[in-house]
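Here is a short briefing for a reader who is new to this structure.

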Amino acid sequence: MSKRDYYEVLGVEKNASTQEIKKSYRKLALKFHPDKNPDNKEAEDKFKEAAEAYEVLSNDEKKAKYDRFGHSGMGGAGGFGGGGGGMNMDDIFSQFGDIFGGGGGGFGGFGGGGGGRGRRVNRGSNIRVRVKMTLKDIVNGVEKKIKVKKYVACTPCSGSGAEGGSDGFNTCDTCKGAGQVNRVTNTFLGQMQTSSTCPTCGGDGKIITNKCNSCHGDGIIKDDETIEIKIPAGVEGGMQLSVNGKGNMGARGGVSGDLIVQIEEEEHEELKRDGNNILYDLYISLPDAILGKEITVPTVNAKAKIKIEAGTQGGKVLRLRSKGIPEVNGYRTGDQMINVNVWTPQNLTKEEKAMVEKLRDSENFVPQPTSQDKGFFERMKDYFR
């Protein structure tokens, strides 16, 4: 059976905010939560489907791919492997701990304590880095290698936190390995069973009997890692990209957080960015404006030759189509706009002044604008169109 559209699953519009997406997912998650719908396969499938949709739409990078290519663009990267049927409840509860109250299944005990599902899975924190991008990087896209200091799995104990690996643990006596303890409360509606994280083992379900000397029981140590990230063309300053699983590793065999990459734009010496267009101020001499000339101008990737027509007026805007910046999530590429300025000399010799004086009252040097000679406001209208 073909997958439903993720926006349809969560009941939100394509332009919905992150908060709206999260609010809608939380509502569905609470409605179809397995503790509230025991032994209900349909509710469980809907619960997984909503988690898969949220996992993609709440991530800027995955959402952008999905908006562009749909389910085919996920390539198994979204939704815990790209299929609701292959999802694991432990994955869902650990990934969305902020929604389910801290990483456990502790929903509130609708007919069951959650059993082994409540065992905590530690999730590492995210790492934020800033990456500087030149205008050329932004136009073409780029792969960058960045070195970050982060928590990684401790090698001597293989990330378990125990000296000797799996042999260094005992099952927690309090929760019997479940990671949660259940409590029954009498209310005016009857008995209600609630679940909470085991206070003895902290939700791990086991106790370390002999802590690793290298990591002191945490299972993680600080180390340098070089990470290669691919930044698509069209990004802009302030935009954030998320690289899944490249953040700090969670303690004692937990899952890794994400690497959050914030884009910073470096200014170009000659070119300016305006949305997806690139602006360039060209200055030409009065003789070149009168007689016309072929001139070379810079673009992001190379030089381009343009023709200045005879009689060109200052303020004319020339357009180099598709020489701008691609849309990060689309197929359109902006243009390069060349604003022509006629340079007026300020320091003339006596001979030069005499030459210009002869031309002052010449009929062809007296301004005679026509309807085709657009003023500033008309040029601005054309530019924004």
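**Charged pairs, rings and a surface patch**

Glu-44 counts as partly exposed because its relative accessibility is 26%. The model is predicted. A search of the whole structure finds 19 salt bridges, and the rings form four aromatic pairs. A nonpolar surface patch covers about 460 Å².

**Salt bridges**

- Side chains of opposite charge can pair when their charged atoms come close.
- Glu-44 is joined to Lys-48 by a salt bridge, and their closest N and O atoms are 3.2 Å apart.
- Both Glu-44 and Lys-48 belong to helix 3. They are four residues apart, about one turn of the helix.
- Lys-48 has a relative accessible area of 10%, so Lys-48 is buried. Glu-44, at 26%, is partly exposed.
- Arg-273 and Glu-265 meet through their side chains in another salt bridge, at 3.1 Å from N to O.
- Arg-273 is partly exposed, with 22% relative accessible area. Glu-265 is also partly exposed, with 33%.
- A salt bridge joins Lys-293 and Asp-288, with 3.9 Å from N to O.
- Lys-293 is partly exposed, because its relative accessible area is 43%. Asp-288 is buried, because its value is 18% and the cut-off for buried is under 20%.
- Arg-4, Glu-8 and Glu-49 are linked by salt bridges into a network.

**Aromatic pairs**

- The structure has four aromatic pairs. One of them joins Tyr-25 and Tyr-54 in a stacked arrangement. Their ring centres are 4.5 Å apart, with 10 degrees between the planes.
- This pair links distant parts of the chain, 29 residues apart. Tyr-25 is in helix 2 (residues 18–32), and Tyr-54 is in helix 3 (residues 41–57).
- Tyr-25 counts as buried, at 0% relative accessibility. Tyr-54 counts as buried too, at 8%.
- Tyr-283 and Trp-343 form an edge-to-face pair. The distance is 6.1 Å centre to centre, and the planes stand at 80 degrees.
- Here too the pair links distant parts of the chain, 60 residues apart. Tyr-283 is in strand 11 (residues 277–285), and Trp-343 is in strand 15 (residues 336–343).
- Tyr-283 has 52% relative accessibility, so Tyr-283 counts as exposed. Trp-343 has 49%, so Trp-343 counts as partly exposed. The cut-off for exposed is over 50%.
- Ring pairs also connect Tyr-6, Tyr-7 and Tyr-66 in a cluster.

**Charges over rings**

- Lys-206 places its charged end over the ring of Phe-169, 4.5 Å from the ring centre.
- Lys-222 lies over the face of Tyr-151, and the distance to the ring centre is 4.8 Å.

**Nonpolar surface patch**

- Leu-286, Ile-290, Leu-291, Leu-359 and Phe-365 make up the patch of about 460 Å².
- Which element gives the most to the nonpolar patch? Helix 9 (residues 286–291) does, with three residues.
- Leu-291 is in helix 9. Leu-291 counts as exposed because its relative accessibility is 66%.

How values were computed: Residues are numbered from 1 along each chain as its sequence is written. This is a predicted model: local features need pLDDT of at least 70, side-chain atom pairs count only at pLDDT 80 or more; totals for chains, interfaces and linings use all residues. Side-chain values use heavy atoms; hydrogens and water are left out. Patches are made of residues with over 30% relative accessible area and no salt bridge: like charges are joined within 9 Å, nonpolar side chains (Val, Leu, Ile, Met, Phe, Trp, Tyr) within 5 Å. Accessible areas come from the Shrake-Rupley method with a 1.4 Å probe; for residues, only the protein chains shown count as cover. A salt bridge is a side-chain nitrogen of Lys or Arg within 4 Å of a carboxyl oxygen of Asp or Glu. Helices (H or I, at least four residues) and strands (E, at least two) are DSSP runs, numbered from the N terminus. Buried means under 20% relative accessible area, exposed over 50%, partly exposed in between (1.4 Å probe, protein chains only). Rings of Phe, Tyr and Trp (its six-membered ring) pair if their centres lie within 6.5 Å; planes under 30 degrees apart count as stacked, over 60 as edge-to-face and the rest as tilted. A charge sits over a ring if NZ of Lys or CZ of Arg is within 6 Å of the ring centre and within 35 degrees of the ring normal.
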